[in-house]
Amino acid sequence: MKGLRSVSLLAALLVLLLGCQPQRPGGRLVVGSRTRIDSVDPAATYSFGALQLISALGDPLYVIDAKGELRPRLATALPRLSPDRLTAWVPLRKGVRFHDGTRFDAAAMVFTLERFLAIGKLSYLLGDRIVSVRASGSHELELKLRRPFTALPQLLSAVSLTPLSPTAYRSHDKRFLNDRFVGTGPYKLTFFADQQQRLEPFADYWGERPANKGLDLVNLSNSTALYGALRSGEVDVLLSTSLEGDQQLSLHQDAQKGRLLEGVGPALEIGYLTLLSDQPPLKNPVVRRAIAHSLDHELISQRVTHGLRPPLRDLVPPSLSGSEPTAWPAYDPAEARRLFEQAGYCRGKTLNLPFTFRSNIPADKLFALIWKEQLRRDLGDCIVLEVSGMESTTAYRQLGEGAFASILLEWMGDYPDADNYLQPLLGCDKAVGQRCLEGPSAASGSFWTRPGLNDDLLLSQSLEGAKRIELLQRLQRETAAAAPYIPVWLVAPRAWAQAGLSTPVFDGSGRVVLSRLQQRPAASRPEP
């Protein structure tokens, strides 16, 4: 009955959100997801739902296509580099207009990047790599780099760096504009609230026009309601973000039977455990390695996600250059026991390990319960998991304070490059020995580093080809031996559409290309 009430509530909400229309206008589609969007300002937000929305409203300089290849978008070619690789020039597309009718040019791009550097919540993406930006021509952007940076084009594909109209944002150059967006993309934002956004095709768009006549994005926190809305036809397309595992499996099975259409994007999100490595008992690397050997990845994948999230033993997704798929150890309870005994456990002494799961993330609690039972079965005289839950926003605020002995988290790079997975977890600005005092490693809750690690990370950013790959893989093997993090699983985004629509298509950054969603002619639809 609870599920039925949730669906009924969603039906009532959809009527309100969509203007009390008994039927949607032909060609308009409703896209649902389990998220809440508080801001549509690229400098203010970095949630998956918000970046999915912004990707339909703006164009970055470069994009990663569905094959994983980098392609110019608002740029017309790859950056041209000076001999010392410390200056880059980016040629920009001409004839592009913002939604307010003003011209896109190098001055607009400079405004956008300088604004992001000044107020962006992820300003380090640019600030750690770029000294200054300027317009070296009406449609040429000049970037001064702190050091050679191999992944510069990939960085410039980040949705957070989507160009904004200087005219529209002039009075918000030092503060966020949360409820409006004026970019160059295929859609204009005509209505914004945290639970619904309305998108209309931009008539003067420079590129390929949207295949639909507009979109209504509905964002709710109730997984059961969204699942029921897709079943009932109230929602045309449903994104997998934070849906319950059983519901994702059911939709996946329906797609296999031809009742729905399923699109699967590149697996770029990693789930991992963070271990508090600067405080006893996890300060002992032997204990951390024992825990790494004690995690049954295959069991967790099957029992928690029905195999939809495959096991992961790497901090870099396997599809990216520089990954090391077997860097972390496989499940080995005998080796785990040996290491626990070496650390003084299992012989009348048990490690009581506090583990925090995010109470609003469906898979987290199930992971905690299954891992706790698996440890009890395999190593019950060595380790006991003490499970507690906390809402994710609260947990994120406390992460950098060293509040959690162990916690399950996930990460998806702002752009698909190995550097954007290792630096946010391993980078360190100030350290004493193997303890990180300030920087990404401290902010991520592990506080682990080693002398010279940050220098190696910076070096990896400037290397190219085989030398870069070799260093990236070595850094992961070293991190695996210290085990401040334990990779758990790999997440591929999914989207399901009604049988009368086109199959959802993802770009190479893991976002649905909303402009390609469309109704199909009746003759091309599958038989019910």
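A residue counts as buried when its relative accessible area is under 20%, exposed when over 50%, and partly exposed in between (1.4 Å probe, protein chains only). By that rule, 55% of the 528 residues in the protein chain are buried. The model is a predicted one, where local features need pLDDT of at least 70, side-chain atom pairs count only at pLDDT 80 or more, and totals for chains, interfaces and linings use all residues. Residues are numbered from 1 along each chain as its sequence is written, and side-chain values use heavy atoms, with hydrogens and water left out.

On to the overall build. The protein chain has 17 helices and 20 strands, taken as DSSP runs (H or I, at least four residues, for helices; E, at least two, for strands) numbered from the N terminus. Its C-alpha atoms fill a box of roughly 70 × 65 × 40 Å along the principal axes.

One joins C346 to C382, with 1.9 Å from S to S. This pair ties together distant parts of the chain, 36 residues apart: C346 sits in the loop between α11 (333-342) and β14 (351-358), and C382 in the loop between α12 (362-379) and β15 (383-390). C346 is buried at 8% relative accessible area, and C382 is buried at 0%. The other disulfide links C428 to C436, at 2.3 Å from S to S. Its S-S bond shows 110° and a right-handed link.

Conventions
A disulfide is a pair of cysteine sulfur atoms within 2.5 Å.
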